[in-house]
Amino acid sequence: MYDEKKIAGIYVRVSTEEQSREGFSLQEQEKRLKAMCEYKGYEVYKIYKDAGISAKTGNKRPAFEELLEDIKNKKCNTIVVLKLDRLTRSVMDWEKILTFLEENNAYLDCANDDINTTNANGKMISRILTSVSQQEIERTSERTKIGLAGAIKAGHIPYQAPLGYKRVDKKLIPDLTTKNIVLRIFDLYHKGNSYKKISNIFNEEKVLGKTNWYDSTIVGILQNEIYKGDFVHGKRTKHPTYYSNVVEPLISKEKWEECQVQKKKNSRSYQRTLTYLFLQKLKCPKCSRILGGKATTKKNGNSYYYYYCNDCKINIKENIIEKYIDEFMNDIVEYDSVVNQFFLPMIKQKLENPKDEIQKEIKKQNDKLKRIKDAYINEVFTLEEYDTERKNVEKTIEDLEFKLTETDICDILKFTPEDILIKRDIDFINSIKYPKKYKEYNKSWKEFKREEKANLIMSYIEDIKLIETNNKIEVDFVNFRESIANPCNELYYNGFIDRTDYALFGNVIGTLRYSEYRPIEEVWQHLLRLREFYDVKFYEATYNLKQQVFRFRTDFNKTIVRVFPMEDYKNIDPNQKLEDYNLGIIYIENNDETLMENKEDVFNYIPDEVELHDGGYVIIKDGEYVDRSTTKVKPVTLKGLEETFLEDEEE
């Protein structure tokens, strides 16, 4: 065996990180191994080179595969390498190579490692060396993963920046020029539009100057966790790693999750000629399948809608469900018009689009426009290419300038959550004092068209639970979407939004607009602002918890605007052991009209802001409080203000 002629296949390999390391270049390995073969009298059959490929398990090495094939075909019988780790760093792979050598009566010779595969001791040493190499590569891999994890947690996300983001100092931050496109995709899908519908809309509008928006593009965006601030590394591997809150999100986690649920619902949708209010919102109370929708049209042209489960043979009329939600849908309509469509978008715009960032981006786009013009002059672009690029950049600049205008408006308006409560109270008084004019400005739920109702239900309601009682299908409860319910609840718990509640007025049952506790100083601010439009007054009443009755003065005959606790009873009396609660009541005389010269103003504007200074004075506009009853200017302290309201009540 030892006298057999050695025909060598010289194998050299470097991984990318070893290219510049001394002694590991392909040329250096080849030079040393040729010298060794000449010294030992080996005949060199061929040099096999793998460049830029590591020895990890699973990596394809064309030259090495060719060498093994030549050994099978008896063209050579000895593998000559610089070190054992040039062949492999895996114990499992090395065992396969040893088996291969034995089966093909071939050998291995290493220049730097004393490896002799012709005896048991040599094989044992080779296994030990391979184990050391494998440990080294595993430790390197662990260090790399730790470093990568630290980078990801710091916002250094690998791979190309997705649509809606850009990379600044290696970190992903929202891109003002494209983030609204992502927000629109989620909004459209959240409302029930399919991938195909969204891609068609974008292609028709040539969003970003493109007409190649595909379903797969929309799917990829909707399923990407990055848009809720998270990142998944190794998503296609068996063991992906999830990182939470590593970048600034473009949408809330609730809305992202709702869109994943929406995917299952949209997959069941089909082309419809009729609008169903509750389609995709109802499940069979027996088998939990989503109910289908049907409609019958009578000779008079009226359509009647109902929802059914074929398997369980049940159905429920649409008007039964709508009747159940009627009692709170007007509140939803009011919330939607006041909060979502008016205040929150402006507040959101101001927070998400800081003026300095927009101005920087406009300058960057103007510089890009200049470079495009220079490129056209230098004949880098054709006229057609120049026009396309120019229009895209000019459209981006136009959008940014519009955002800048919106931000300027926000700086002037300075909307706050307090404005929401002011607006709702003014609207409530308007509805009492000028009901006809109020209806011109505000539609009720019953006045909505079917398409408008369906859109509102799609946006606000996650699903409606049905229950079967006495062989009849009824509504059990309505589950609102978290992305809508959470901000609404937050406003309510902080005292910035009210709810309608039932109450006993002596022996009479009525309803009240009730809100949570707010500090008394803020209540006085609220009262002063309301008094710019209406002569509202304040009264303290007692509410008995045991009897659940309000104790008013016997001659109290006013329109109550809002009721709120005078103390933070949720913290003071969490177990409700107190007998009475003191409540503040904002009310207006039944014969009072607006204090504004133009009645239209109470529907188009909100009262000016009020500030409280350390000295206790209430400041409005130019620095003083205007008493509209006397048109005199006078400073008012908190104590004096309280006395003023109470004096008005006593009169």
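**Figure 1. Helix H5 and the residues that it keeps covered.** The buried residues of helix H5 are Lys179, Ile181, Val182, Leu183, Ile185, Phe186, Leu188, Tyr189 and His190, where buried means under 20% relative accessible area, exposed means over 50%, and partly exposed lies in between (1.4 Å probe, protein chains only). H5 is therefore described as mostly covered, since nine of its twelve residues are buried. Helices (H or I, at least four residues) and strands (E, at least two) are DSSP runs, numbered from the N terminus. The expected span of a helix is 1.5 Å times one less than its number of residues, and for the twelve residues of H5 (residues 179-190) this should give 16 Å, which agrees with the 17 Å between its end C-alpha atoms. Just after H5, Gly192 takes a positive phi of about 110 degrees.

This is a predicted model, in which local features need pLDDT of at least 70 and side-chain atom pairs count only at pLDDT 80 or more, while totals for chains, interfaces and linings use all residues. Residues are numbered from 1 along each chain as its sequence is written, and side-chain values use heavy atoms, with hydrogens and water left out.

Figure 2. Strand S5 (residues 165-168) and strand S6 (residues 171-174) run antiparallel and are joined by four bridges; two strands pair if DSSP finds at least two bridges between them. Val168 stands opposite Lys171 in S6. The hairpin has two residues between the strands, and Asp169 takes a positive phi near 55 degrees there.

**Figure 3. Cysteines without a disulfide.** A disulfide is a covalent bond between the sulfur atoms of two cysteines. Here a disulfide is counted as a pair of cysteine sulfur atoms within 2.5 Å, and by this rule the count comes to zero. Cys284 is in no disulfide, for its nearest cysteine sulfur, that of Cys312, is 3.7 Å away. The closest cysteine sulfur to that of Cys312 is in Cys287, and at 3.7 Å it is too far for a bond. Cys284 is buried, with a relative accessible area of 2%, and Cys312 is also buried, with a relative accessible area of 19%.

**Figure 4. The largest nonpolar core.** A nonpolar core is a set of buried Ala, Val, Leu, Ile, Met, Phe, Trp, Tyr and Cys residues joined through side-chain atoms within 4.5 Å. The largest one has 30 residues, of which Phe278, Tyr307 and Ile464 touch the most other members. Among the elements that give two or more residues to this core are strand S10 (303-309), helix H9 (318-352) and strand S12 (461-469). H9 provides the largest share of this core, five residues. Another core, of 29 residues, lies apart from it and includes Ile157, Phe186, Ile251 and Trp256.

Figure 5. Asn430 lies in helix H12 (residues 417-433) and is buried, with a relative accessible area of 0%. Contact means heavy atoms within 4.5 Å, and, leaving aside its neighbours within four places in sequence, Asn430 is in contact with Pro435, Tyr438, Tyr534, Val602 and Phe603. Trp94 has its place in helix H3 (residues 91-103) and counts as buried at 0% relative accessibility. Trp94 and Leu84 are ten residues apart in sequence, and their C-alpha atoms are 9.4 Å apart in space.
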